[in-house]
Amino acid sequence: MARPLEKGIRYFSVDTNMLTDRKIQRVLHPFGAQSIAIILKLWSLGYEENGYYLTLDKNLAFDIAFAFRLEEKYVNDVITACIEAEIFDKTMWDKYEILTSRRMQENFLNATKKRKNVVIDKKYYLLTEEETELSEEETEFPQEESTTNDKKEGETQQIILNQTISNNIDNDITVDEEESAREDEHKSFDIYEFWLISTFGKEKYDSEAKKTLIELVEEYGEDKVRDALERTIGNNGATIAYTATILANNAKHAARVG
């Protein structure tokens, strides 16, 4: 049985000069440091759920506001500012009400290079063929259908990027194992990078901080550590010790409930 196609990705890169990007600064200046946590959350949700875009439902702003202990209107205002500053593509928002960008799509393609194929909704695609770094033979476009077939009008057209050509099941397993190893290699680094951006220099950036975060990931898992970091930001905390306390308290509560 074929494996279900994985849509999202589990990590993404962030530029070290992110805070000097004029687009980011246009949001950071009027809305403050908490806006960066919102931007990171929007990126994370988009990459995790669909790989390269995020659909906004009526509860998203509330969910983010609740997680970070912010006002829902503030979150909506930050999202609007991100679109106006072109952190997310305004045309895609106006036409389809999704948050995406060329950078998100580039990150998605880079992170999925070892997948057998990658499916992208054609109407959302912002990159040129040259920017995909794929040859014409490696890019499959759906054939035009006649009006007499059973295909529903308006059905999504997709771009299927065949980035690894193989029909060998054993090779498929190897690809999955390589991707898993690559994700594990980046996991602790991504948590550290997330912390660096979120704290804005309130705590010294050193190997001890990274070591502590790695230990927390090993003990509690990446998702719980990331959630605890987001709570630290929402509570205006400034140290990893604060994050560790949240994790310890959550674990004690879970043990009592269990």
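These legends walk through several close-up views of one predicted protein model.

Residues are numbered from 1 along each chain as its sequence is written, and side-chain values use heavy atoms, with hydrogens and water left out. Because the model is predicted, local features need pLDDT of at least 70 and side-chain atom pairs count only at pLDDT 80 or more, while totals for chains, interfaces and linings use all residues.

**Figure 1. The whole chain and its confidence.**
Let's start with the overall picture: the protein has 11 helices and 5 strands, where helices (H or I, at least four residues) and strands (E, at least two) are DSSP runs, numbered from the N terminus. Of its 258 residues, 40% are buried; buried means under 20% relative accessible area, exposed over 50%, and partly exposed in between (1.4 Å probe, protein chains only). The accessible surface comes to about 15600 Å², and carbon and sulfur atoms hold 48% of that area; such areas come from the Shrake-Rupley method with a 1.4 Å probe, and for residues only the protein chains shown count as cover. Among contacts (heavy atoms within 4.5 Å) with a separation of 6 or more, 66% join residues 24 or more positions apart. The mean pLDDT, the predictor's confidence in each residue from 0 to 100, is 76, and 67% of the residues reach 70 or more. Confidence is highest in α4, at 97, and lowest in strand β4 (residues 139-140), at a mean of 41. Residues 134-155 have pLDDT below 50, and the model gives this stretch 21 contacts beyond near neighbours in sequence.

**Figure 2. Helix α2 and what follows it.**
Helix α2 covers residues 34-49, and its 16 residues should span 22 Å at 1.5 Å a residue; the end C-alpha atoms lie 23 Å apart, which agrees. The expected span is 1.5 Å times one less than the number of residues. Of the 16 residues in α2, 13 are buried, leaving the helix mostly covered. Just after α2, glycine 51 takes a positive phi of about 100°. The view also takes in glutamate 49, whose C-alpha atom is 9.5 Å from that of arginine 10, although the two are 39 residues apart along the chain. Arginine 10 sits in the segment before α1 and, at 56% relative accessibility, counts as exposed.

**Figure 3. The nonpolar cores.**
A nonpolar core is a set of buried Ala, Val, Leu, Ile, Met, Phe, Trp, Tyr and Cys residues joined through side-chain atoms within 4.5 Å. The largest has 48 residues, and Ile38, Leu42, Trp43 and Ile87 touch the most other members. Elements that each supply at least two residues include α1 (22-31), β1 (53-55), α3 (60-68) and β3 (118-121), while α2 gives the most, with 9 residues. Leucine 42 touches Leu54, Leu60, Ile64, Ile79, Phe88 and Leu99, leaving aside residues up to four places away in sequence. A second, separate core of 10 residues includes Ala209, Leu216, Leu229 and Leu247.

The whole structure holds 6 salt bridges, each a side-chain nitrogen of Lys or Arg within 4 Å of a carboxyl oxygen of Asp or Glu. In one of them, lysine 73 meets aspartate 77 at 2.8 Å, N to O. These two are 4 residues apart in helix α4, so about one helical turn separates them. Lysine 73 is exposed at 59% relative accessibility, and aspartate 77 is partly exposed at 29%. Lysine 90 pairs with aspartate 94, with the closest N and O atoms 3.0 Å apart. In helix α10 (residues 222-234), arginine 226 and glutamate 222 are also 4 residues apart, and their closest N and O atoms are 3.7 Å apart. Arginine 226 counts as buried at 17% relative accessibility, and glutamate 222 is buried at 17%.

**Figure 4. Two loop residues with positive phi.**
Most residues other than glycine have a negative phi. Arginine 69, in the loop between α3 and α4, has a positive phi near 60° and is partly exposed at 48%. Glutamate 86 lies in the loop between α4 and α5. Its phi is positive too, at about 70°, and glutamate 86 is exposed, with a relative accessible area of 53%.
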